[in-house]
Structures are given as C-alpha cells and as structure tokens.
Amino acid sequence: MAELIGTYLLMFTGFTSIVVNLGMDNIVTFPGVAILWGLDVMVMVYAVGHISGAHFNPAVTIAFATCKKFAWKRVK
C-alpha cells in the first residue's frame, strides 16, 4: 500500500507541475520541474521509506522477494 501511495503522489505532483508549467507560459521552468520531482522523491522516501524500503515500484518488491533479498512477510 505504501508503494501505491508513494507512486501515485510522485506521478501526480510531477505531472501536475509539467501541466502547470505548460499552461502558465513556462512559469515553473525546466529546472523548477526537475527540482520538484527531486523534492517529491525525497518526501516520499522520508514518508514511506521505512515501510517500502524506499522504492516505489511494486515490481522491485516482488523481484527482491523472489530473489530472497526481501522478506515475503513484508510484501503485502
């Protein structure tokens, strides 16, 4: 669930910043969008990193669990 929330918020805020940038005559600019994505990743790592292992791709969790690098009991 933490990965789902983290991925959703990462995509939502990142793509929203791009849409706002294009719709407001490049008020955010390219470096601003890049900084927002980076800050968003940082916030998600601090917010749900202790639950998900600080990655937001469910495929990574399943792959780690399959290779016994991550406990199956933590895959929920």
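Helices (H or I, at least four residues) and strands (E, at least two) are taken as DSSP runs, numbered from the N terminus. On this basis the protein has three helices and zero strands, and from the N terminus on its elements run α-α-α. The radius of gyration, taken over C-alpha atoms, is compared with a globule rule of 2.2 Å times the number of residues to the power 0.38. The value for the protein is 15 Å, well over the 11 Å that this rule gives for 76 residues, so the protein is more spread out than a compact globule. The C-alpha trace spans about 50 × 20 × 15 Å along its principal axes.

The structure is a predicted model, in which local features need pLDDT of at least 70 and side-chain atom pairs count only at pLDDT 80 or more, while totals for chains, interfaces and linings use all residues. Residues are numbered from 1 along each chain as its sequence is written, and side-chain values use heavy atoms, with hydrogens and water left out.

Residues are classed as buried under 20% relative accessible area, exposed over 50%, and partly exposed in between (1.4 Å probe, protein chains only). Of the 76 residues of the protein, 24% count as buried. The protein exposes about 5,500 Å², of which carbon and sulfur atoms supply 76%. Accessible areas come from the Shrake-Rupley method with a 1.4 Å probe; for residues, only the protein chains shown count as cover. With contact defined as heavy atoms within 4.5 Å, 43% of the contacts between residues at least 6 apart in sequence join residues at least 24 apart.

Asp 40, in helix α2, is buried, with a relative accessible area of 9%. When residues up to four places away in sequence are not counted, Asp 40 touches Leu 9, Leu 10, Thr 13 and Gly 14. Asn 21 belongs to helix α1 and counts as buried at 10% relative accessibility. With the same exclusion of residues up to four places away in sequence, the residues touched by Asn 21 are Asn 26, Ile 27, Val 28, Thr 29 and Val 33.

One of these, Asn 26, lies in the loop between α1 (2–23) and α2 (29–52). Asn 26 has a positive phi of about 55° although it is not a glycine, and at 47% relative accessibility it counts as partly exposed. A positive phi, of about 60°, is also found at Lys 68, again not a glycine. Lys 68 is placed in the segment after α3 (58–66) and counts as exposed at 74% relative accessibility. In the loop between α2 and α3 is Gly 53, which is partly exposed with a relative accessible area of 40%. The C-alpha atoms of Gly 53 and Arg 74 are 9.7 Å apart in space, and the two residues are 21 apart in sequence.

Aromatic rings of Phe, Tyr and Trp (its six-membered ring) are paired if their centres lie within 6.5 Å; planes under 30 degrees apart count as stacked, over 60 as edge-to-face and the rest as tilted. The structure holds two aromatic pairs. In one, the rings of Tyr 8 and Phe 12 have centres 5.8 Å apart and planes at 15°, so the pair is stacked. Both residues lie in helix α1, four residues apart, about one turn of the helix. Tyr 8 counts as exposed at 52% relative accessibility, whereas Phe 12 is partly exposed, with a relative accessible area of 47%. In the other pair, the ring centres of Phe 15 and Trp 37 are 5.5 Å apart and the planes are at 80°, so the pair is edge-to-face. This pair links distant parts of the chain, with Phe 15 in helix α1 and Trp 37 in helix α2, 22 residues apart. Phe 15 counts as partly exposed at 45% relative accessibility, and Trp 37 counts as partly exposed at 23%.

Tyr 8 and Phe 12 also contribute to a nonpolar surface patch of about 660 Å², which is made by Met 1, Leu 4, Ile 5, Tyr 8, Leu 9 and Phe 12. Patches consist of residues with over 30% relative accessible area and no salt bridge, like charges being joined within 9 Å and nonpolar side chains (Val, Leu, Ile, Met, Phe, Trp, Tyr) within 5 Å. A salt bridge is a side-chain nitrogen of Lys or Arg within 4 Å of a carboxyl oxygen of Asp or Glu.
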